[in-house]
Amino acid sequence: MPHTPPANDYDVVIVGASFAGAACALAAVQYGLRVCVLERKTDPGERLHTTGIVVKEAMEQSWLGRMPDHLVQRVARVRLYAPNLHNVLLTAPGYYFLTTDTPNLMRWLASELRANGVDLRLQQSFTDACRDGDAWQVEGVGRTAYLVGADGARSRVAQRTGLGQVRDNLYGVEREFAGVQLPEGDALHCFVSRRFAPGYIGWAAQNPTGVQVGLALRHDPAHARAPDIEGFLEHVRDVVGLPHSAQVAGTRAGLVPCGLPDGPITTPGVILTGDAAGVVSPLSAGGIHSSWRHGWAVGDAIGLHRRGTGPAAEQVARQAAPTFHRKRVLRWAMDHLQRDWPVDALLRTGPMRRLAEQIYFHRRGVRM
């Protein structure tokens with residue numbers, strides 16, 4: 001008698017309920033697929049590693065545009081500070097960022113998954129998976145046609161399935177000050193400083209519930225050090241108008257990828273997306289929009305392929321992953337050539353301002 005393969009429990013199991021994982025799930029479930037999302041946290045809004053700052057494109061071109069108004073605050077300008085705290089104001093007609101009440105944004109995303117028929121399993125970690133014929137057997141879950149790793153910079157899916165892992169990271173820490181209002185709350189305050197943020201920047205921003213102040217630096221596993229967030233706060237507190245009486249309400253910290261994985265992001269039936277696939281700008285470390293786009297492309301490709309009308313989802317995932325060629329050149333320069341004195345001297349010059357506008361506004365900036 002011919003062998004009949006066992007039925008799959010799911011069409012796709014996604015590990016991670018953040019932006020890339022949620023996008024993948026929401027796209028796949030539109031095709032009527034059986035979708036399961038594993039999230040190790042009990043509360044999707046706890047222990048966050050993201051600033052939650054969303055660019056205009058993500059708001060206007062994706063499911064994120066459905067976010068309730070009370071979860072977002074529009075920030076239309078960027079104030080960029082040199083190490084000596086001299087600064088310039090950058091803006092672009094019609095462009096904006098959105099700061100968010102990130103914990104409640106993640107809870108809202110979880111509610112969207114469930115409302116659309118996704119089997120969201122909180123407090124369930126991915127442990128292992130093995131190939132089972134033409135599918136994957138996921139430990140503690142069942143058999144699935146596709147396994148998607150949207151589980152961050154240290155992806156366990158990548159480790160267990162032999163896919164590439166991201167080795168180049170920033171390490172960031174951010175403090176939350178609830179109920180505080182900045183004098184210039186409609187600006188994203190960004191600080192260049194080799195002393196405090198080698199290889200990256202510091203920032204302060206108004207959000208719907210208060211103020212977030214953060215700092216990130218290039219992570220070197222052999223000589224790891226934590227960002228000096230207390231020293232940075234003292235450095236910038238007065239210039240942004242953060243009251244000395246403001247009390248820390250919460251802290252976020254973690255690795256942020258700034259490089260590509262050291263191997264493939266797909267193998268038959270397994271796809272990495274989001275931070276696990278290095279789908280993050282190597283220069284700005286901005287990843288919400290690119291992760292959402294890639295996660296959605298993966299989920300859409302899985303849906304089409306399972307319905308017999310599209311190419312292999314693994315092929316689509318590889319093609320949809322951004323390469324950020326120009327930004328990788330700037331990342332190399334930031335890692336090897338960063339000095340404070342040229343920024344102090346040149347911040348207010350035309351070429352430096354145009355470069356900053358290109359980075360923040362994707363060539364849409366105008367000088368003020």
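Predicted model: local features only at pLDDT ≥ 70, side-chain atom pairs only at ≥ 80, totals over all residues.
**The α1 and α6 pair**

- Helix α1 covers residues 19–29 and helix α6 covers residues 288–306; they pack at an angle of about 30°, with their axes 7 Å apart.
- Angles under 35 degrees count as roughly parallel, so α1 is roughly parallel to α6.
- On the α1 side, the contact is made by Phe-19, Ala-20, Ala-22, Ala-23, Cys-24, Leu-26, Ala-27 and Ala-28.
- On the α6 side, the residues making the contact include Ile-288, Trp-292, Trp-296 and Val-298, along with Gly-295 and Gly-299.
- Sort the residues of this contact by type and you get 12 nonpolar, three polar and one charged.

- How many of the 11 residues of α1 are buried? The count is 11 of 11, so this helix is mostly covered.
- Among the buried residues are Phe-19, Gly-21, Ala-25 and Val-29.
- Helix α6 is one of the elements covering them, and the cover also includes β1 (10–15), β2 (35–39), α3 (102–115) and β11 (142–149).

**A three-stranded sheet**

- Now look for the open sheet made of three strands, in the order β3-β7-β4, with antiparallel pairing.
- Its edge strands are β3 (54–55) and β4 (72–75), each of which pairs on one side only.
- Four bridges link β4 with β7 (residues 97–100), and the two pair in the antiparallel sense.
- To find your way along this pairing, pick out Arg-74, which stands opposite Leu-98 in β7.
- In a regular strand, side chains alternate between the two faces of the sheet.

**A hairpin**

- Strands β9 and β10 form a hairpin, with two residues between them.
- These strands run antiparallel and are joined by four bridges, with β10 spanning residues 135–138.
- Which residue of β10 is the bridge partner of Ala-129? That partner is Val-138.
- In the turn sits Gly-133, with a positive phi of about 65°.

- Asp-69 is in the loop between α2 (56–61) and β4.
- Is Asp-69 buried or exposed? Exposed means over 50% relative accessible area, and Asp-69 has 65%, so it counts as exposed.
- Asp-69 and Thr-100 are 31 residues apart in sequence, and their C-alpha atoms are 9.7 Å apart in space.
- Leu-85 lies in the loop between β5 (77–81) and β6 (87–91), and its phi is near 75°, a positive value in a residue that isn't glycine.
- Gln-123 is in the loop between β8 (119–122) and β9 (129–132).
- Gln-123 isn't a glycine either, yet it has a positive phi of about 60°.
- With 58% relative accessibility, Gln-123 counts as exposed.

**A buried phenylalanine**

- Phe-232 is part of helix α5, which runs over residues 229–240.
- What is Phe-232 in contact with, leaving aside its neighbours within four places in sequence? The contacts are Phe-191, Phe-196, Gly-202, Trp-203, Val-213, Gly-214 and Leu-215.
- One of those contacts is Phe-196: it is 36 residues from Phe-232 along the chain, with 6.5 Å separating their C-alpha atoms.

Technical notes
Residues numbered from 1 in each chain as written. Heavy atoms only, no water. Pairing = 2+ DSSP bridges. Buried < 20%, exposed > 50% of the residue type's maximum accessible area, 1.4 Å probe, protein only. Axes fitted to C-alpha atoms, helices over the stretch in contact; angles between N-to-C directions. Parallel < 35°, antiparallel > 145°, perpendicular 65-115°, else oblique. Contact = heavy atoms within 4.5 Å. Nonpolar A, V, L, I, M, F, W, Y, C, P; charged D, E, K, R; others polar.
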